[in-house]
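Student: I would like to learn how to read a protein model step by step. Could you take me through one, giving the general idea before each case?

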Amino acid sequence: MDDTFSRELIYLRAVGKYRSKKYLEAKKQLDELLKIAPDSHQAMCLKKEVDDAIIKDGLIGVGVVGGVVGVAALIIGGLLAGGSRR
């Protein structure tokens, strides 16, 4: 297998991982590719997209967890307040 084919194969695997929302796996593929082809413009651009998606997913996850914690606090607070009125 020649180097060009190997690089293209790694890049295409990274694209597949990115489209499947497996961002950390895509990032690993791109890191591997950039070690052997540090000047790959395609890999650098896709890595930026992957990094942005990881950040976005992280922020959405934090927001969801924060919302769940807030709702749980309200429910617990309501139960405690209701129990102290008796």
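Tutor: Let us begin with a term: a residue counts as buried when its relative accessible area is under 20%, as exposed when it is over 50%, and as partly exposed in between. Please keep in mind throughout that this is a predicted model. With that term in hand, we can say that 20% of the 86 residues of the protein chain count as buried.

Student: What does the secondary structure of the protein chain come to, and which pattern does it follow along the sequence?

Tutor: The secondary structure comes to three helices and zero strands, and a reading along the sequence gives the pattern α-α-α.

Student: How should I describe the way in which two helices pack?

Tutor: Two packed helices are described by the angle between their axes and by the distance between those axes. Here, helix α1, which covers residues 3–19, and helix α2, which covers residues 23–36, pack at an angle of about 160°, and their axes are 8 Å apart. Angles over 145 degrees count as roughly antiparallel, and α1 and α2 are therefore roughly antiparallel to each other. The crossing in which α1 passes α2 is left-handed.

Student: Which residues of α1 and α2 meet?

Tutor: On the α1 side they are Arg7, Ile10, Tyr11, Arg13, Ala14, Lys17 and Tyr18, and on the α2 side Tyr23, Glu25, Ala26, Gln29, Leu30, Glu32, Leu33 and Ile36. The residues of this contact of α1 with α2 divide into nine nonpolar, one polar and five charged.

Student: Is glutamine 29 buried or exposed?

Tutor: Glutamine 29, whose place is in helix α2, has a relative accessibility of 16%, so it counts as buried. Not counting residues up to four places away in sequence, glutamine 29 touches Ile10, Arg13 and Ala14. Arginine 13, which lies in helix α1, is partly exposed because its relative accessible area is 39%. The C-alpha atoms of arginine 13 and alanine 26 are separated by 7.5 Å, while the two residues are 13 residues apart along the chain.

Student: How many aromatic pairs does a search of the whole structure find?

Tutor: The search finds one aromatic pair. Tyrosine 18 and tyrosine 23 form this pair, which is tilted, with 5.8 Å from centre to centre and 50° between the planes. At 25% relative accessibility tyrosine 18 counts as partly exposed, whereas tyrosine 23, at 11%, counts as buried.

Student: What else does tyrosine 18 touch, if I leave out residues up to four places away in sequence?

Tutor: Tyrosine 18 has its place in helix α1, and besides Tyr23 it touches Ala26, Leu46, Glu49, Val50 and Ala53.

Student: Where is lysine 47 found, and what is it in contact with?

Tutor: Lysine 47 is found in helix α3, which covers residues 41–84. Leaving aside neighbours within four places in sequence, lysine 47 is in contact with Lys27, Leu30, Asp31 and Leu34. Lysine 47 and aspartate 31 are 16 residues apart in sequence, and from C-alpha to C-alpha they are 8.2 Å apart in space. For the protein chain as a whole, among contacts between residues at least 6 apart in sequence, 43% join residues at least 24 apart.

Student: What is phi of lysine 21, and where is the place of that residue?

Tutor: Lysine 21 has its place in the loop between α1 and α2, and its phi is near 60°, a positive value in a residue other than glycine. As its relative accessibility is 60%, lysine 21 counts as exposed.

How values were computed: Residues numbered from 1 in each chain as written. Predicted model: local features only at pLDDT ≥ 70, side-chain atom pairs only at ≥ 80, totals over all residues. Heavy atoms only, no water. Axes fitted to C-alpha atoms, helices over the stretch in contact; angles between N-to-C directions. Helix = DSSP H or I, 4+ residues; strand = E, 2+ residues; numbered from the N terminus. Parallel < 35°, antiparallel > 145°, perpendicular 65-115°, else oblique. Left-handed = near helix turned anticlockwise from the far one by under 90°. Contact = heavy atoms within 4.5 Å. Nonpolar A, V, L, I, M, F, W, Y, C, P; charged D, E, K, R; others polar. Buried < 20%, exposed > 50% of the residue type's maximum accessible area, 1.4 Å probe, protein only. Phe/Tyr/Trp six-rings, centres within 6.5 Å; stacked < 30°, edge-to-face > 60°.
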